Amino acid sequence: MNIVLLESLGIPQGLLDSYRSQIEAAGHRFTVYERTSDVDTLKEEVRDADVLILANMPLPDSVLDQADHLRYIDVAFTGVDHIPVKEALHRSIAISNASGYATESVAELAIAMMILLARKVPALQQACREGKAKGRLEGWTLQNRTVGIAGAGKIGLRTAQLAKSMGARVLAFNRSQVHCDWIDEQVPLDKLLQESDILSLHLPLTDQTRGLIGKKELECMKPGAIVINTARGPILDNNALAALLENGHLAGAGIDVFDQEPPLPLDLPLLKAPNTILTPHIAYDSEQSMKERAEIVFDNLFSWLNGTIKNEIKAG
């Protein structure tokens, strides 16, 4: 079989070579390409592929039209909204993801953003750089505050656990029932928004979650609340968020994901909003998580080659 890697997995070359050796020893080809957004180039790269491996690069529907031999897509990412899932499944192409590889990495960044924003570090750092004292800026701790977790999957639950260990009251909104010691109460979304001092988003991007947190929902939040999004950009209306940060209703935001992958347009309102931490989609990306991701991806691959599908993505 021809196994095609469409983009870097962010691991050392020696580690990638070791996986290549295992693949070739089993009698398969392993072809590696540089990431591209050029559709014609992608069509050529997938033409003879039996298996595709990719991370978060978009895979247009039209590319599948050229992939007559394709039987399996191994996604080195948790979300799969960047690939044509319905079309692939319609063509009987199996799909796996790498769920769980970045749980610690994402949760730690979410908590770091909470702490830095609650303590008003962005504004205080700027004052320090300008040779000023802190003035009347005074932050607060997570202890005895309410952290709302929207989406209690693996990452949401780990974030909840870390917040709980710091003395926070933790609420969770989730479509299925959650049972764990570090969730104080599972609540509907409206109650989560109304009671949270910090809202942390950990939802997948689906038809149901796209635009879930808009102007109306943000206005329901407590004055002075903080919003964290390390999940998917289109879940949250960032322009509405920027406006509510500017008028002082919300006190801060930590945003790692946007409606598009960075680089961002320089006229994006959120870039000028006060007390924000903006990062270019890095929550998943750490030295440890990249290695763990590769382990999951190649375990998925070898399992599929041996007739078993792990971490399978199904319709709906």
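Predicted model: local features only at pLDDT ≥ 70, side-chain atom pairs only at ≥ 80, totals over all residues.

Biologist: Which other backbone nitrogen does the side chain of Glu7 reach?

Modeller: That of Met57, at 3.1 Å.

Biologist: And where is Glu7 placed?

Modeller: In the loop between strand 1 (2-5) and helix 1 (13-25).

Biologist: Is Glu7 buried or exposed?

Modeller: Buried. The cut-off for that is under 20% relative accessible area, and Glu7 has 4% relative accessibility, so Glu7 counts as buried.

Biologist: What does Glu7 touch, leaving out residues up to four places away in sequence?

Modeller: Tyr33, Arg35, Ile53, Leu54, Ala55, Asn56 and Met57.

Biologist: Ok, switching to the nonpolar side. Which residues touch the most other members of the largest nonpolar core?

Modeller: Leu6, Ile53, Leu59, Ile73, Ile83 and Phe298, out of 75 residues in that core. Helix 5 (residues 103-118) gives the most to this core, nine residues.

Biologist: What does Phe298 touch?

Modeller: With residues up to four places away in sequence left out, Phe298 touches Leu9, Leu16, Tyr19, Ile23, Phe30 and Ile53. There's also a second, separate core of 32 residues, with Ala150, Leu189, Leu199 and Leu245 among them.

Biologist: Now helix 2 (residues 39-46). Which of its residues are buried?

Modeller: Leu42, Glu45 and Val46. They're on the same side of helix 2, because they cover an arc of only 85° around the axis.

Biologist: And what covers the buried residues of helix 2?

Modeller: The cover includes strand 1, strand 3 (51-54) and helix 3 (61-64).

Biologist: Last topic, strands. How many bridges join strand 6 (residues 146-150) to strand 7 (residues 169-173)?

Modeller: Five, and the two strands run parallel.

Biologist: Which helix goes with strand 6 and strand 7 in a β-α-β unit?

Modeller: Helix 7 (residues 154-165), and the unit is right-handed.

Biologist: How does strand 7 pair with strand 8 (residues 185-186), parallel or antiparallel?

Modeller: Parallel, over two bridges. There, Ala172 stands opposite Gln186 of strand 8.

How values were computed
Residues numbered from 1 in each chain as written. Heavy atoms only, no water. Core = buried A, V, L, I, M, F, W, Y, C linked by side-chain atoms within 4.5 Å. Buried < 20%, exposed > 50% of the residue type's maximum accessible area, 1.4 Å probe, protein only. Helix = DSSP H or I, 4+ residues; strand = E, 2+ residues; numbered from the N terminus. Contact = heavy atoms within 4.5 Å. Polar contact = N/O pair within 3.5 Å; in protein donor to acceptor, adjacent residues only side chain to side chain. Pairing = 2+ DSSP bridges. Right-handed = clockwise from strand over helix to strand, strands pointing away. Arc of directions from axis to C-beta.
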